Amino acid sequence: MPDPARSYVVRTFGCQMNEHDSERIAGLLEADGLRRADEVDEADVIVLNTCCIRENADNRLYGTLGHLKALKRRRPDLQIVVGGCLAQKDRDEIRRRAPHVDVVFGTHNVGRAAELVRWAAEHGPVVEILEATARDDAEAFPSALPARRETDHAAWVTIQIGCDNTCAFCIVPSVRGPEVSRPFGELVDEVRALAASGVSEVTLLGQNVNSYGRDLTRGRRRLDGDAAPGDDADLDVALCGPGWAADRRIRPLFADLLRAVGAVEGIERVRFTSPHPKDLRSETIAAMADTPAVCEHLHLPLQSGSDAVLAAMHRGYTAERFLERLAAARAAVDDLAVSTDIIVGFPGETEADFTATLEVAAEARFESAFTFVFSPRPGTEAAELVDRFVDHEVAVDRYERLRTVVERSALAANRERLGRLEEVVVEGPSKRDERLVTGRTRRNTLVHFPTERPLRAGTLASVRVTDAAAHHLSGELVEILRPPRHRPRIPVSAG
Ligand code: SF4
């Protein structure tokens, strides 16, 4: 039996997929009897959920493990656990460089996290990494596992794992495997269950959400060969889950999912990340436009504005095609805000390539952008292009110039909100100023505003915008539109 006094902490390095996995890991550990600790120093089990997409992931992980070494020396019962993409990629390397690590698990066996922790406590260190091909799809979707969600009013829902693309800078396909979509009916059921528990906002997660369902078609064709005539209904259930009928279309599109999730009673905001520009279909844009719950925000990663660089990255679109898709989305979805990701200094990027990126960024008028200086990820095609690497100082200079262009359009877009009323969902007290509350608009803009009394996360408020900066708005509370839909968590103590 696990010791009920034992506690855990999960620290996440990385993207939203990782944060979602972390909620599942926390849920599994709590289901196994552990309780959450607030600080690393107080925890008996420390889980580091890693990501190898972001810059310096290795350095951050090994730096953190270095700090934990002294803690482990003082408290030999402490268990240190490393999971996620970097663990999947580096495998035994982690234990070689940090022998004080007790458990290493990968991206395809998140569901075994608690079991491995228990096993290691009894038998000693364990490394368990499964290949993408070995994953059991029922287990591969973390949503099927218990979760300890970080927020009560909002939830992430994984709709797809893996990626079929081959972007030259990205490690995801090799660590997460090919795309696998979760059955349509199962997803809608999960969102219904979340709404019933008081969740009013869901974010649909996948590496390439627009291709949701593509593998269900492939699977259907494969199965069709063995199917008897008249078995269509059974095939639909096997591939798409109850809730999908082939008389509508041979397989569900992402657009169908947006409409179905947006129609769930109690769900007021639907977000999604990330769609690939080459797969942004007109059906998706139409579903965004006519599903009231789908927020007026689109994250569309440009990566570069140069056709030569886009080709070298294997992105599958040109700058012109990107701008066309963007224009179609802006034309169809009223008041749409668009954010993006851009990499500067990709191997071989010339000054002319970079100028093209500046021009596309200016034309696109992004409301916000995550901009990165290229850094090679071991195991990717781009990391091999050493003789084409851009001088770091040149890349940093380009990064600053791009930031100026993006901040100019972000500030202009935010200034257009001055004087308007925004529907804001409260996230909690401002991290910078405790007299302020922070919330998010439907367009995904942060808004800070003062209140006389604290407002619970999930409260829906109407806020008038009084000031605008590049990365946030400031405002004044006009009225509370409704309290949170979920019940507050009441701490329970035994004894
Ligand atoms: S679409 Fe490209 S960048 Fe996105 S996860 Fe797939 S390979 Fe990586």
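Is Leu455 buried or exposed, and how many C-beta neighbours does Leu455 have inside 10 Å? The first view below answers this, after two notes on the model. The model is predicted, with local features requiring pLDDT of at least 70 and side-chain atom pairs counted only at pLDDT 80 or more, whereas totals for chains, interfaces and linings use all residues. Residues are numbered from 1 along each chain as its sequence is written.

**View A. Leu455 in the loop between strands E17 and E18.** Leu455 counts as buried because it has 22 C-beta neighbours inside 10 Å; a residue is buried if 20 or more other C-beta atoms lie within 10 Å of its own, exposed if 12 or fewer, and partly exposed in between, with C-beta atoms placed from the backbone. The loop that holds Leu455 runs between strand E17 (446–450) and strand E18 (460–468), where helices (H or I, at least four residues) and strands (E, at least two) are DSSP runs numbered from the N terminus. Setting aside residues up to four places away in sequence, Leu455 touches Val426, Val437 and Ala461; two residues are in contact if their C-beta atoms, placed from the backbone, lie within 7 Å. Val437 is 18 residues from Leu455 along the chain, and their C-alpha atoms are separated by 7.4 Å.

**View B. The residues around the ligand.**

**View C. Helix H14 beside helix H15.** The axes of H14 (residues 319–332) and H15 (residues 351–364) come within 11 Å and cross at roughly 10°; axes are lines fitted to C-alpha atoms, for helices over the stretch in contact, and angles run from 0 to 180 degrees between N-to-C directions. H14 is therefore roughly parallel to H15, since angles under 35 degrees count as roughly parallel, over 145 as roughly antiparallel, 65 to 115 as roughly perpendicular and the rest as oblique. In the contact, Ala319, Leu323 and Leu326 of H14 meet Ala356, Val360, Glu363 and Ala364 of H15, and by class these are six nonpolar, no polar and one charged residues.

**View D. Helix H11 and what covers it.** Eight of the nine residues of H11 (residues 254–262) are buried, namely Phe254, Ala255, Asp256, Leu257, Leu258, Ala260, Val261 and Gly262. Their cover includes helix H8 (184–196), strand E10 (201–205), strand E11 (269–273) and helix H12 (282–290). In the loop between E11 and H12 lies Ser274, which a cis peptide bond joins to Thr273, with omega about -5°.

View E. Gln303 is buried, with 23 other C-beta atoms within 10 Å.

Technical notes
A residue is near a molecule or strand if its C-beta atom, placed from the backbone, lies within 6 Å of it. Ala, Val, Leu, Ile, Met, Phe, Trp, Tyr, Cys and Pro count as nonpolar, Asp, Glu, Lys and Arg as charged, and the others, Gly among them, as polar.
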